[in-house]
Structure formats: structure tokens, C-alpha cells
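Please look over the sequence and the 3D structure below before reading on.

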Amino acid sequence: MYAKLQAASVHSKFRIIYISNNHTNDFMEKLVIIGSGSGGLPVASTVAKFRKNQYDITVITKDRDIAYSPFGIPYVLKGDISSYNDLIMHSKEHYRESGIKIFTNTSVEEIDTQKKRIRYKNTWLDYNYLVIATGTAQRVPKVKGIDLNGVFSAHIKTLKEAEKFEDFLSNSKKPLKIIMTGSSSIDLEFAVGLKERGHDIIIVEKAGHLMPDRLDTDMAENVQKYLHSMGIRVITMHELSEITGTGTIESVNLGDLILPADLLMLGTDFMPEITLAKSAGFDTDKYGINIDEKARALIKGKPAQGVYVSGACAHAINIVTGKPDFIYTGSNSIQKSRIVSEQLLGIDASLKGSPNPRIAVLRDLNIGTVGLTKEEAEKNNIEVKTCVTEEKSTARYYPGGIPVYMKLLFEKNSLRLIGAQIVSKGCGIKERIDALSIAMSCRLTAKELAHLETAYSPPVSHLLDIMVELANSVWIEKNMRKRG
């Protein structure tokens, strides 16, 4: 029983609470987890739930807050969620009662794999098992004026950063002229939230269309039209070159275009946070920390004893290309954390490729994607067969149907599904993306999709779902060409 409080030591910025069992502590294996995000705390919770008498668990995080959802921050900003505190799922006391020690405001400075220990604040801590879950970092453009007041990153992933951003908004005049340099899902969610709070928004995207990592040009046009209808201006093919102002931002230079600005949000440009792992000698590259199929960290291609990697800092495998990829979604991080947890619990499990499903919600517009875009496929030398449609969300004769724009991508020869993009104000976009994600994981082809049976009721669907009808058109076309 984790019932007796043995000791408590107070440090300058954090408190460490030790909760242990006098009878078993000497025989327990020490599990140390670096990071408290979706790759870290879920491992601690799962292992503590099933093996609390086997593992002495310590979580170390540089953050002030724990167990909150950073993905909800744009929706607090928008006003859909009343408080940033509502994003907190569990208190520190909850984890203490579960037998998990948590050090907040603490950075791990060194990993010694030879002696199986880590160092923080000049203190060494031994481990039997180590989980590295350091998450992501944000690339910051090296331009003049980047340190001016009023320049923020859309990579707001801590409550402390969110509160600082909120304070700036609250203490400024309205409406603010806000420039967003990027158009990822998170960038657009922030842009829409700020627009709904009464600010003037301009989105600047260096590519030729919005969301270039998730959408093809034709599908991105639907998103741009929607943003335009909200009064949000979109500028493509431009990139930030300079920020000007005296103390506080006054304008941004985009090369041949200068725009006045009261606030600049640097669009999300994620990269895996690998600094600590790289300094410790682990194999790393632009996709993250190299791991094997059991999520074990690699050193010179071989698994390091007792060291696992979880979350966005770990390599992912793209299910379409079969190649390493950097996938930073919360759902992918949770799946990696489950594999690590299962290894520690003695369950045989292995990592699989990721189809990378995503959903963005911009007020009432849903943007769902999975797999590759046409451009990504071509970069990987994959010939693509695409099909695009605009259909109603209901049966054709049923009133009130909402347009659904859908695009499916298949590998040209095998007709294996390799990507999908859906944009609509209608319901069921996430569910379709989930179904297509499962289809990709099962390596289904257009033929197999075309012969799936789906649920039907006139107020919510066609006789067969739109994705089934699209796949059927591709399948029939290929066979008729053969016969012709």
C-alpha cells in the first residue's frame, strides 16, 4: 500500500513528494519518465494501475502544469471552453495517490546510459527503465525583430504560455491587427478563434495554398473560401523576412509586401525535441529519436538497455511509404505510449505504421485528412489515381443537405487507398476519416472499399456512403478501361 508519506523536500520552484511502501520499495524497479505530455504521463498511469508494487515511478517535467490538453487551448481562446483550468484532467494529488512522483519545473540535463542514471539540478537519479518523452520543439525563424513584444508562437503548448498570450490580448486595444504566418490545423484554429473575438486576421502562407501538408490545391480552395466568408484575408506565396517596431511590433515585411501589425503569431513549424537524447548518444535524425518496433531507443543501431521512447520525439513509420516520418499528433503519441506501457507490463506488442489521421474544426467547418497528399505521393515516386466529388450530406431528395467535398487518393496500379481529404460543414467528417484510417491500416483497395456496406437513413446519408461511391467509380473505371 502506498499509504505512508516518508519524506517531503521543498525546492525553490517545486515540491517533490515521496510516497512509498516500506516493505517493497527496496525491491521495486525504478522507472523514470522524462516528459509529462501525451507520451509520458499515460505510461506512468498505465504502469501504476497494473504494476504499482513492481515499479517506483518518477516523472520529471520542465513544465509548471501537468495532465492538461494543449489541443484545447485554441478553444479556450475562442471562448468555447470557459477557462484554461478546465483543460486540466487530473491534479498532482491524483498521481501522488497512484504512487507516482512528479517533479515539475525541472529539466533533465544529462542521461548516463552506462550507469543507468539521469541528472537534474546537479542531482543524479538511478533508473532500471527510462522513458524519453520530450515531445516537440518549435522552429523559430531567424529574422530581425523576432524578440519584439507582441511576437508569439502558435505552438502554445503550456498553460503558462497560454496565460501570457491571453494577458497580451486583454491588455491591448481592439481590434488588433494580427498576422498569422502559417496555415496548419493549429494555426487556422487560432486564427478563427481570434477572428471571433473581434480581431482583424491575415494569414500568410509561404506555399501556394493553405494547409499544404494536409490538402491538395483543389481541396484547399474550399477552406480559403470559408475563411474569406468570415472576413479573414489569405496571402499565399509570401514569407516573413523582417519584423519592425520600437520595443513592440509595428509591422511585418513579407518581401514585396509590408503589413501593419499589432501582433504576430508564428505558425507552427514543429520538430522533434531530440537535444537531450542526441547529447546522450542515442541515434537521432530529423524524424526524431530512432527506435525499434518495441519502441526501444537505439544507440548505433542497437537497443539501449532499459530505455524506451514515447510520443512525438520518437520516430514514426508512415504506413503508405513504409519510411520514417515525423508525426506529432496527440493520437499517434498516445499509441506510442501504449506500446511502451505494454512493454513494461510484459505484454507482447509492436509498433505499426501510422496513416496519420487528422481533423480540424474551424467554427462549423470540419477538415479531415488521412494519408498522403498528391504532392507527397509524387515526392515518394508513387503514381496516384485521384477522385473528387461534391455531394449532399443527406439523400438527394431530403431537404437541408450540406455539401460534402471529398477526395480519395489511390496508388495507380494496385488501387490501394493512400490518402483522403474531406471538407464540409456537415456531420460525420471525423467518423469518415476514422473509417478511412482503418481502411488504410488494413491496406484496403478501391475494390474492397467499393463493396463495403454502410448504414443508411435519408436524413444523414446516401444509400451507400460517399466514400464507398467514390471508390466504386474508380474501381469500375479501371475495369471498363481493361475491357475497352
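The model is predicted, with local features needing pLDDT of at least 70 and side-chain atom pairs counting only at pLDDT 80 or more, while totals for chains, interfaces and linings use all residues. Residues are numbered from 1 along each chain as its sequence is written, and side-chain values use heavy atoms, without hydrogens and water.

Helix α4 covers residues 159–170, which makes 12 residues. Helices (H or I, at least four residues) and strands (E, at least two) are DSSP runs, numbered from the N terminus. At 1.5 Å a residue, α4 should span 16 Å, and its end C-alpha atoms are 16 Å apart, so the two values agree. The expected span is 1.5 Å times one less than the number of residues. Among the buried residues of α4 are Phe165, Glu166 and Phe168; buried means under 20% relative accessible area, exposed over 50%, and partly exposed in between (1.4 Å probe, protein chains only). The buried residues of α4 pack against α2, β11, α5 and β18.

Strand β23 (residues 302–309) takes part in two pairings, listed here. Strands pair if DSSP finds at least two bridges between them.

Tyrosine 398 lies in the loop between β28 and β29 and is partly exposed, at 33% relative accessible area.

Definitions and conventions:
Contact = heavy atoms within 4.5 Å.
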